[in-house]
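Please take the sequence and the structure together, and follow the account below from one site to the next.

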Amino acid sequence: MYPTIDEYLRKRLMPVEGVIPRLPGIEMYGNSIPAGTVGGDLFEYINFQQRYDIDARIERAQKLAKEFLEPLPPGTAPRNSVDDHVEWLKSRPDFTPVLESDYRWARSSEQVRVAEDLHELYNMAGVLLVDAQGHGIISAKIASTVHDTFHAFMLSELDRRGKTTMDMFEKINLRLAQSVTARNALGRGEDDTREIATMLYGELHPYGYFRFVNFGHPPPLVYSKEFGKFAQIESSGMVQFLPLGLQIPEDHPDRKRYQSMQFRKRRANLSDVAEITLMSPGDILFLYTDGVYDGLDKEERARLEEIMRDCHWKSAREICQALLDYAVNRDEPWRKTENEDLIDDKTVFIIKRNP
């Protein structure tokens, strides 16, 4: 018997414990509780070693690095994109053998770098959190769109670069932007509902070095075991873009084809990648969606800090569950007054540095 669409979305958007990455000195665990049968929250462990054949990718990059340097024998069909481009170069009146040699060397060196960058995947893990606006099956569909787009572009990035780049996230951002052409064709007005989701993606390295990009998501919190409270994080280094789909760079070639609240002055680059380091054993990185904490309420932050203080010595799984239990119990008044529509999906992701 086929599952219902909400059952299908719930299963495909929830990871299983078998994919939790294992990094030296790191313990991690996440969980999500939808407000209904299915919700718009999504979290995922990106276990590079399990999801991708890193050895095979490195071998392919090294093979291409050598092949790109080899001239194409006369009368032979192009073997790759470099051969194809060289054939085009030869059709131009300004072609010289030096042009071919320089181009082949440049493309070969790119593959050497790809192979080197792919090696980094052995020692890191990715973390993806998405929170689609609202809750229910429509929100789950939006979250699913982000999820599928993310993984499609990840495959492309690892092929081309051997790592993620900010260009990948700009493409995901554009995927959720509202197409002016489609809106006009369907007869929709500018005030019609659009797909909106926040996203935080980070890459975790051994012993607690975390680099991440943030599109409208509540900022991470770091609990310091030494001081027994959430640490103060310098906000100037925590770049946060608007939620996905709301803001397009003003220099994007398709900017006139999409509706943007305002045009961003520039495209995202490496300077927009934020960094957090869990300095000491026992420190905890706390990621969440706004159904747990909106990132602003000081009283709510103090309550979450107290929970963390009481259970920081426990496993990542137990800490995650304690925070979720608190968030669910906090909604009890809404349930009693039959205001379930005010209850939001909840996700907690805990990264703990162990000795």
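In which loop is Tyr-207 found? Tyr-207 lies in the loop between β5 (197-205) and β6 (209-215), and since the model is a predicted one, this placement should be read as part of a prediction. The backbone at Tyr-207 deserves attention, for its phi is near 65°, a positive value in a residue other than glycine. Most residues other than glycine have a negative phi. Tyr-207 counts as partly exposed because its relative accessibility is 44%, and the range for that class runs between 20% and 50%.

The chain as a whole gives the setting for such details. Its secondary structure comes to 11 helices and 14 strands, and the C-alpha atoms fill a box of roughly 80 × 60 × 50 Å when this is taken along the principal axes. Of the 355 residues in the protein chain, 47% are buried, while the accessible surface comes to about 18600 Å², with 52% of that surface belonging to carbon and sulfur atoms. Among contacts between residues at least 6 apart in sequence, 74% join residues that are at least 24 apart.

Two helix pairs can be followed in turn. Helix α6 (residues 137-160) and helix α7 (residues 166-176) pack at an angle of about 145°, with their axes 10 Å apart, and α6 passes α7 in a right-handed crossing. On the side of α6 the contact is made by Ile-142, Thr-145, Val-146, Thr-149, Phe-150, Phe-153, Met-154 and Glu-157, and on the side of α7 by Met-168, Phe-169, Lys-171, Ile-172, Arg-175 and Leu-176. By class, the residues of this contact divide into 9 nonpolar, 2 polar and 3 charged.

The second pair is formed by α9 (298-311) and helix α10 (residues 316-330), which pack at an angle of about 145° with their axes 10 Å apart. Here α9 passes α10 in a right-handed crossing. Glu-300, Arg-303, Leu-304, Ile-307, Met-308 and Cys-311 of α9 make the contact with Ile-319, Ala-322, Leu-323, Tyr-326 and Arg-330 of α10, and the contact has 8 nonpolar, no polar and 3 charged residues.

The aromatic rings come next. With ring centres within 6.5 Å taken as the condition for a pair, the count comes to 12 aromatic pairs. One of these is the stacked pair of Phe-230 and Phe-286, with 6.4 Å from centre to centre and 20° between the planes. This pair links distant parts of the chain, since Phe-230 is in strand β8 (residues 229-230) and Phe-286 is in strand β13 (residues 284-288), 56 residues apart. Phe-230 counts as buried because its relative accessibility is 2%, and Phe-286 counts as buried because its relative accessibility is 0%. The rings of Phe-286 and Tyr-288 have their centres 4.9 Å apart and their planes at 45°, so this pair is tilted. Tyr-288 is itself buried, with a relative accessible area of 1%. Together, Tyr-223, Phe-230, Phe-286, Tyr-288 and Tyr-293 form one aromatic cluster.

Which residue is found in strand β14 (residues 346-353)? Lys-346 is found in this strand, and Lys-346 counts as buried because its relative accessible area is 3%, where the class requires a value under 20%. When its neighbours within four places in sequence are left aside, Lys-346 is in contact with residues including Asn-31, Ser-32, Ile-33 and Asp-41, as well as Thr-289, Gly-291 and Val-292, and also Leu-324, Ala-327, Val-328, Arg-330 and Asp-331.

Gly-295 is found in the loop between β13 and α9 and is partly exposed, with a relative accessible area of 24%. The C-alpha atoms of Gly-295 and Pro-218 are separated by 5.3 Å, although these residues are 77 residues apart along the chain. Gln-259, in strand β10 (residues 258-259), is buried, with a relative accessible area of 16%. Its C-alpha atom is separated by 8.3 Å from that of Ile-248, which is 11 residues apart from Gln-259 along the chain.

Notes. Residues numbered from 1 in each chain as written. Predicted model: local features only at pLDDT ≥ 70, side-chain atom pairs only at ≥ 80, totals over all residues. Heavy atoms only, no water. Phe/Tyr/Trp six-rings, centres within 6.5 Å; stacked < 30°, edge-to-face > 60°. Helix = DSSP H or I, 4+ residues; strand = E, 2+ residues; numbered from the N terminus. Buried < 20%, exposed > 50% of the residue type's maximum accessible area, 1.4 Å probe, protein only. Contact = heavy atoms within 4.5 Å. Axes fitted to C-alpha atoms, helices over the stretch in contact; angles between N-to-C directions. Left-handed = near helix turned anticlockwise from the far one by under 90°. Nonpolar A, V, L, I, M, F, W, Y, C, P; charged D, E, K, R; others polar. Areas by Shrake-Rupley, 256 points an atom, 1.4 Å probe, with all protein chains shown as cover.
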